[in-house]
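Hi everyone, thanks for coming.

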Amino acid sequence: MSRYPRRTGRLALRAGSLAAALGLWQLLTTLDVNLWVRFSQFPTVTDVARAFADRLAGPDYWTDLTDSLTRIVTGFLLAAVLGVATGVLVARSRLAEDLLGPVLEVVRPVPAIAMVPVAILLFPSNEQGIVFITFAAAFFPVLVSTRHAVRALTPLWEEAVLTMGGGRWRILGSVVLPGALPGIFGGLSVGIGVSWICVISAEMISGQYGVGYRTWQDYTIVNYPGVFVGMVTIGLLGWLTSTAVELVGRRLTHWLPRTSYVPGARPRPARPPASTIEPGKAEEARDEHLV
């Protein structure tokens, strides 16, 4: 069976699932169903679609989009660079762990959105404060995942580089960073999602432009279709940025073995060990493997 029909079938199934969810939403809101959850208060899918089309035609939507993306990209890139550097440093140096570890562990449980008053006091503008909140949200997931990934590396790789005359920087560039990349990108994937949560919350509290600010403004003026436009926009932006991080991670870790598991497929039988094969057939199997 070729790969193309299988992939087409999965895409059709996903599109059908989304269409069914939208159809159920339209049905429940059109009929004003009130079964514990009050769907009569919800706007219909067509109301949200009309509001989305009107918002796309105006300049405010694109200004909000640009501001939110600028904040998320700036804060996330800072968190990625500093989180990876700090994670490697803490994992590789006992002195750094003793100096930075206690401070980081005390600050880490504090939610980034709870740092909004600190950001207001520290930074002269709301823009810098929102970027700081975004940075703080992504920094700790990247730091923790990097630290665990570096500590999980086998010492044999480092010893091999030392045996061949490599130094500290050689170990860092050829063993530590490549070996920890899967764990690092796991933290980056988590960090980008948490960053969106916090940047939207920060925009609602102290922003002047942005998707979060506009969504909150729509709520205060009882424009519920506009609120759902903001929610859909946030979901799409989060999905696109998470997908971008995942694609970059796959590209940088292309040397890793990929799983060949296909749901519903029958597993291939394992080849018996050479010792259980008859002597005459063992040589044929070896020749076939070499070819």
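This is a predicted model: local features need pLDDT of at least 70, side-chain atom pairs count only at pLDDT 80 or more; totals for chains, interfaces and linings use all residues.

**Helices that cross and bend**

Residues are numbered from 1 along each chain as its sequence is written, and side-chain values use heavy atoms, leaving out hydrogens and water.

Helices here are DSSP runs of H or I, at least four residues, numbered from the N terminus. The axes of H4 (residues 94-107) and H6 (residues 126-151) come within 12 Å and cross at roughly 135 degrees. Axes are lines fitted to C-alpha atoms, over the stretch in contact, with angles from 0 to 180 degrees between N-to-C directions.

Who touches whom? On H4, Glu97, Leu104, Glu105 and Val107 make the contact, and on H6, Phe139, Phe140, Leu143, Arg147 and Arg151 do; contact means heavy atoms within 4.5 Å.

Now, what angle do H2 and H10 pack at? About 75 degrees, with the axes of H2 (residues 45-57) and H10 (residues 224-252) 8 Å apart. That makes H2 roughly perpendicular to H10. Among the residues that meet are Phe52 in H2 and Phe228 in H10.

Finally, find Leu181 in H8: a kink of about 55 degrees lies there, shortly before the proline Pro182. That bend is the angle between axes fitted to the seven residues ending there and the seven starting there.

Technical notes:
Helices (H or I, at least four residues) and strands (E, at least two) are DSSP runs, numbered from the N terminus. Angles under 35 degrees count as roughly parallel, over 145 as roughly antiparallel, 65 to 115 as roughly perpendicular and the rest as oblique.
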